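Open the model in your viewer and keep the selection tool at hand. Each stop below gives you something to select, then says what is there.

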Amino acid sequence: MQEENNIGFTLQAKTDEAHDENVGTSADNAFPAAENTPSGASARADAVPDSGNTVRNVAEEFIRKPEREIIHTVSAADYNTDKPYQDYSTGTPIIEFRGVYKSYDNGTKALSDVNLKINKGEFVFVVGASGAGKSTFIKLIFHEETPNAGELIVNGFKLSHLKRRDIPKLRRTMGIVYQDFRLIKDMTVFENVAFAMHIVGASTRAIRKRVAYTLNIVGLGDKARCYPNELSGGEQQRVGLARALVNNPSIIIADEPTGNVDPNMSYEIVELLTEINRRGTTVIMVTHEHQLVRDFGRRVIMIEHGHIVADNEEG
């Protein structure tokens, strides 16, 4: 039986094309939590063999709803990004690296003696050249990789002592936004987002309400019926962002989310992430786009040859 997976692995519930889905259930931020979602609901793909039909039925019901029940679409243009930098963190660590080392069997030393804290509610950019250790840094956070030495604590979980049965619980506190979108091509926008709720056992009523709400947050309330190939790259990335948000995670990890979109859309994606951060969600964004980092003025962690060489609180 396939291990219970949410992030960084492949889901098999719909088709072999069903990509890595992230499912967070923390209700500890400003987004309303999905109703009637079992806190310990299994995300096992083999437990939901009819997920495609179930999600499609919910989507069809949503589409038949009158327009008056659909929340006003929010676009990135509605956000005021001219305000001075504000730190929305609480001062309480949500992620803590304590002397973390990570090397691979081929001899690559990916991270060396990493010591840092990321507080609840922070927005952090992680930058560095290719091969610097950025990918390992985020893979350690969602436990796709494990340290060779040191301690890593995420959302209260001590990852060096994490039991296999607790890995899904950890991952349900996070949402991942990928550079390559990872949408299921034969599902509509609504179905792609709803699928992340279905695999954790959310009710039909909760899925209908929550997905509609989340699509409007990312400005796609009018795209619910569309398929991925009918969307621009920027729109597909916003679907990925909605999927990351829909289960109300306390942490969003955005792995090069602007890598496959045009420069204007890059700013809109980061503006959306900034608005999500204002609502209380911790955001960690890996990027190569230094101008973007400078323009948004958030904390910047720079990794070079596996070492943290810079860590400033404003961009």
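Start with a cartoon view: the chain has eight helices and ten strands. Helices (H or I, at least four residues) and strands (E, at least two) are DSSP runs, numbered from the N terminus. This is a predicted model, in which local features need pLDDT of at least 70, side-chain atom pairs count only at pLDDT 80 or more, and totals for chains, interfaces and linings use all residues. Residues are numbered from 1 along each chain as its sequence is written, and side-chain values use heavy atoms, with hydrogens and water left out.

**Colour by confidence**

pLDDT is the predictor's confidence in each residue, from 0 to 100. The chain averages 78, and 71% of the residues score at least 70. Select residues 1–49: pLDDT is below 50 here, yet the stretch has 158 contacts in the model beyond near neighbours in sequence. A contact means heavy atoms within 4.5 Å. Next select residues 63–85. Here pLDDT also stays under 50, and the model has 32 contacts beyond four places in sequence.

**Show the surface**

The chain exposes about 13500 Å², with carbon and sulfur atoms supplying 45% of it. That area comes from the Shrake-Rupley method with a 1.4 Å probe; for residues, only the protein chains shown count as cover. Of the 315 residues, 54% count as buried. Buried means under 20% relative accessible area, exposed over 50%, and partly exposed in between (1.4 Å probe, protein chains only).

**Select the largest core**

How many residues does the largest nonpolar core have? It has 44. Those with the most contacts inside it are Phe125, Val211, Leu215, Leu241, Leu273 and Met285. Elements that each supply at least two of its residues include β3 (123–127), α5 (204–217), α7 (263–278) and β8 (282–286). A nonpolar core is a set of buried Ala, Val, Leu, Ile, Met, Phe, Trp, Tyr and Cys residues joined through side-chain atoms within 4.5 Å.

Now centre on Leu215. Leaving aside neighbours within four places in sequence, its contacts include Val189, Phe190, Val193 and Ala242.

Move to α4 (189–198), another supplier of this core. Ten of its ten residues are buried, so α4 is largely enclosed by the rest of the structure. Among them are Glu191, Asn192 and His198.

**Select the second core**

A separate core of 32 residues includes Phe97, Phe137, Ile138 and Leu140.

**Find the aromatic pairs**

A search of the whole structure finds three. Rings of Phe, Tyr and Trp (its six-membered ring) pair if their centres lie within 6.5 Å; planes under 30 degrees apart count as stacked, over 60 as edge-to-face and the rest as tilted.

Select Phe97 and Phe137. Their ring centres are 4.8 Å apart and their planes at 5°, so the pair is stacked. Phe97 is in strand β1 (residues 93–103) and Phe137 in helix α2 (residues 134–141), 40 residues apart. Phe97 is buried at 2% relative accessibility; Phe137 is buried at 0%.

Then select Tyr267 and Phe296. Their centres are 5.8 Å apart and their planes at 35°, so this pair is tilted. It links helix α7 to helix α8. Tyr267 is partly exposed at 27%, whereas Phe296 is buried at 11%.

**Finish with charges over rings**

A charge sits over a ring if NZ of Lys or CZ of Arg is within 6 Å of the ring centre and within 35 degrees of the ring normal. Select Arg182: its charged end sits over the ring of Tyr178, 4.1 Å from the centre. Last, select Arg298, whose charged end sits over the ring of Phe123, 5.9 Å from the centre.
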